[in-house]
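Dear colleague,

Please find below the structure that I am handing over to you, with its sequence. My notes on what was found in it follow directly after.

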Amino acid sequence: MTIFTTMSNRKSYRYLPTFIQGSAVFLVAAVLSACGQSDIDNSNGSPVEAETTQVAQVVVENPADNTDLLKNVSATIYKDANCGCCKEWIEHTQSYGLHSTVEHPADLSLIKDRYGVPAETRSCHTAITTDGYVFEGHVPAKYVAEFLQNPPAQAIGLAVPGMPVGSPGMEYQGQFAPYQIMQINKDGTKQVYVEVESAEQQL
C-alpha cells in the first residue's frame with residue numbers, strides 16, 4: 001500500500017495549512033456528489049467528517065478470485081432510484097455471486113424501521129437476504145459471506161454507517177478512509193464487528 005497523504009485526528013487537522021484543509025473538504029464534497037445526502041435517512045449524521053476521518057491514497061491490487069463467495073445468497077436491496085453509489089455496491093456484491101432484486105420504496109426509513117436498523121448505523125441502502133439478515137450500507141461482500149457462514153445468535157446483520165470513502169461502491173481516485181463494520185443485534189444494540197483499516201482488507 002502506498003500512502004501519499006494522511007489526516008489522522010482532529011488536533012493535527014487543525015494545524016494543517018489552509019490549502020490542505022481545503023483540499024480535504026473538496027475531496028469529501030466530490031465523493032458525496034456520487035451519492036447525495038438525501039440518500040441517507042435524515043436521522044443519520046454526516047456520512048464523512050473531514051476533521052476526524054483518516055484519508056489515504058492507496059493502490060489496490062486485483063482481488064483474489066472469489067466470484068462464488070455469495071453464490072448461494074439471494075437478497076432484496078432497497079435503495080433510492082437515483083443513488084449511484086448504491087448501484088456500485090450492488091455490482092460489487094453481484095461480482096461475488098449475490099443474486100439480488102432491487103426495489104425503490106418511496107420512504108426508505110420505513111424499510112429500515114421494519115427491519116430494526118438503528119438510526120445511527122443507517123446508510124443509503126438496505127439489503128435483506130431471503131433468510132432475513134440485514135446488510136446496511138457499503139458492507140464488503142467478504143464480510144457479508146463471513147457473517148452468513150456463522151451468524152452470531154444475537155445478531156440480525158451488519159451495517160457500515162454513512163458512506164466511507166473507499167468502501168465498496170464509494171471508491172474515489174484511490175482514496176480510502178478506515179471505517180467500522182457494526183454488528184446489529186436483535187435487542188437493538190450494536191457492537192463493532194470488524195475494523196477495516198485498509199482497502200486491501202476488504203478483498
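**Helix α3 and its surroundings**

In helix α3 (residues 84-94), the residues that are buried are Cys85, Cys86, Trp89, Ile90, His92 and Thr93. Viewed down the axis of α3, these buried residues fall within an arc of 155°, so they line one face of the helix.

A disulfide is a covalent bond between the sulfur atoms of two cysteines. A search of the whole structure finds zero of them.

Strand β4 comprises residues 125-129, and five of its five residues are buried. Both of its faces are covered. His125, Ala127 and Thr129 lie on one side, while Thr126 and Ile128 lie on the other.

Which strands pair with β4? On one hand there is β2 (residues 74-79), which pairs with β4 in the antiparallel sense over five bridges. On the other there is β5 (residues 134-137), which runs antiparallel to β4 and is joined to it by three bridges. Ala127 takes part in both pairings: Ala127 is the bridge partner of Ile77, and Ala127 also stands opposite Phe135 in β5. The hairpin of β4 and β5 has four residues between the strands, and Gly132 takes a positive phi near 90° there.

**Two loop residues**

Is Val117 buried or exposed? Val117 is located in the loop between α4 (108-114) and β4, and at 3% relative accessibility Val117 counts as buried. Leaving aside residues up to four places away in sequence, Val117 touches Lys112, Arg122, Val134, Glu136 and Ile184. The C-alpha atom of Val117 is separated by 9.1 Å from that of Ile156, a residue 39 residues apart from Val117 along the chain.

Gln173 belongs to another loop, the one between β6 (155-160) and β7 (175-176). Gln173 counts as exposed, because its relative accessibility is 59% and the threshold is over 50%. Although Gln173 is not a glycine, its phi is positive, at about 50°.

**The chain as a whole**

The chain has five helices and nine strands. Along the sequence, these follow the pattern α-α-β-β-α-β-α-β-β-α-β-β-β-β. Of the 203 residues in the chain, 46% are buried. Among contacts with a separation of 6 or more, 64% are between residues 24 or more positions apart. The chain exposes about 10,000 Å², of which carbon and sulfur atoms supply 49%.

**Confidence in the model**

The average pLDDT of the chain is 79, and 68% of the residues score at least 70. Over residues 1-34 the pLDDT is below 50, and this stretch has 46 contacts in the model beyond near neighbours in sequence. Residues 37-64 likewise stay under 50 in pLDDT, and the model has 77 contacts for them beyond four places in sequence. Where pLDDT is low, the predicted coordinates should not be read in detail.

With kind regards

Note on methods:
Residues are numbered from 1 along each chain as its sequence is written. This is a predicted model: local features need pLDDT of at least 70, side-chain atom pairs count only at pLDDT 80 or more; totals for chains, interfaces and linings use all residues. Side-chain values use heavy atoms; hydrogens and water are left out. Buried means under 20% relative accessible area, exposed over 50%, partly exposed in between (1.4 Å probe, protein chains only). Two strands pair if DSSP finds at least two bridges between them. Contact means heavy atoms within 4.5 Å. Accessible areas come from the Shrake-Rupley method with a 1.4 Å probe; for residues, only the protein chains shown count as cover. The arc is that of the directions from the helix axis to the C-beta atoms. A disulfide is a pair of cysteine sulfur atoms within 2.5 Å. pLDDT is the predictor's confidence in each residue, from 0 to 100.
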